[in-house]
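Notebook open, structure loaded. I'm jotting down what I looked up, in the order I got to it.

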Amino acid sequence: MADGEKLTQENGGLQSEKWPLPAFYFKVEFGTKKLSFQEVSGLGVQIETQKYRHGNSKQQGKYLIPSRPTFNAVTLKKGMFIEDDDLFPWFKQNMTGSISTKDVTITLLNEKGEAEMTWQLASAHPSKITFPDFKSESSEVAIETLELEYEDLSFIRS
């Protein structure tokens with residue numbers, strides 16, 4: 001290992017620039033309300049590409065024209081608790097035709113609990129909610145899953 005690649009006592013055993021951040025220390029905020037989740041997945045965007053070739057073109061292949069971005073649905077999973085009613089009422093409100101959107105912030109934290117990278121989902125709304133499967137021979141934790149669709153994605157490096 002080269003200098004600066006390992007965690008040392010001089011830097012307090014904290015994250016080095018040479019090591020990637022762990023993905024298990026994160027927080028999720030719905031506006032100003034912070035909720036704990038076991039897992040966040042699907043965060044991403046892709047740009048559709050239109051292929052075009054006009055009849056008089058000397059180019060062998062087609063022209064590739066970037067189009068609009070498509071945002072992936074984000075899936076949030078969390079354990080269910082007694083009197084925990086944070087997600088379903090929001091989903092139910094959208095089921096009745098009264099659209100309720102929220103800005104959602106997902107932040108990757110360092111060992112000190114400080115923000116390193118932040119993704120902001122603008123005007124997010126729940127598109128799917130899934131409740132746990134119930135099995136009498138299993139001892140699994142009850143997990144609630146919520147899928148979010150959103151209008152725009154911002155990425156901020158702290």
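In which loop is Val141 found? I found Val141 in the loop between β8 (115-130) and β9; helices (H or I, at least four residues) and strands (E, at least two) are DSSP runs, numbered from the N terminus.

Before going on, I noted that this is a predicted model, where local features need pLDDT of at least 70 and side-chain atom pairs count only at pLDDT 80 or more, while totals for chains, interfaces and linings use all residues. Residues are numbered from 1 along each chain as its sequence is written, and side-chain values use heavy atoms, with hydrogens and water left out.

I checked exposure for Val141: its relative accessible area is 60%, so Val141 is exposed. My cut-offs were buried under 20% relative accessible area, exposed over 50% and partly exposed in between (1.4 Å probe, protein chains only). Val141 is 63 residues from Lys78 in sequence, and the two are 9.6 Å apart in space, C-alpha to C-alpha.

Val141 also turned up in the lining of the second largest pocket, along with residues including Pro132, Phe134, Lys135 and Ile143. I got a volume of about 150 Å³ for this pocket. Its lining has five nonpolar, one polar and three charged residues. For the classes, Ala, Val, Leu, Ile, Met, Phe, Trp, Tyr, Cys and Pro count as nonpolar, Asp, Glu, Lys and Arg as charged, and the others, Gly among them, as polar.

A pocket here is an open set of points on a 1 Å grid over the protein atoms alone, where a 1.4 Å probe fits, with protein on both sides within 12 Å along at least five of seven lines; lining residues have an atom within 4 Å of a point. Grid points are joined across faces, edges and corners, and the volume is the space filled by probe spheres set on the points.

**The largest pocket**

Next I looked up the largest pocket, which holds about 190 Å³ of space. Which strand gives the most to its lining? I found that β3 does, with three residues. Both β3 (39-41) and β7 (102-109) supply at least two residues each. Among the lining residues I listed Ala23, Phe26, Ile106 and Trp119. By class I have seven nonpolar, one polar and one charged.

**Aromatic pairs**

How many aromatic pairs does the structure hold? I have six, a pair being rings of Phe, Tyr and Trp (its six-membered ring) with centres within 6.5 Å; planes under 30 degrees apart count as stacked, over 60 as edge-to-face and the rest as tilted.

Phe30 and Trp90 have ring centres 5.6 Å apart and planes at 85°, so I logged the pair as edge-to-face. Phe30 is in strand β1 (residues 26-30) and Trp90 in helix α1 (residues 88-95), so this pair ties together parts 60 residues apart in sequence. Both Phe30 and Trp90 are buried.

Phe71 and Tyr150 came next: centres 5.4 Å apart, planes at 45°, so tilted. Phe71 is in strand β5 (residues 63-71) and Tyr150 in the loop between β9 (143-149) and β10 (152-157), 79 residues apart. Tyr150 counts as buried at 8% relative accessibility, and Phe71 is buried at 19%.

I also noted that Phe30, Phe37 and Trp90 form one aromatic cluster.

Glu83 has a positive phi of about 60° although it is not a glycine. I placed Glu83 in the loop between β6 (74-79) and α1, exposed at 77% relative accessibility.
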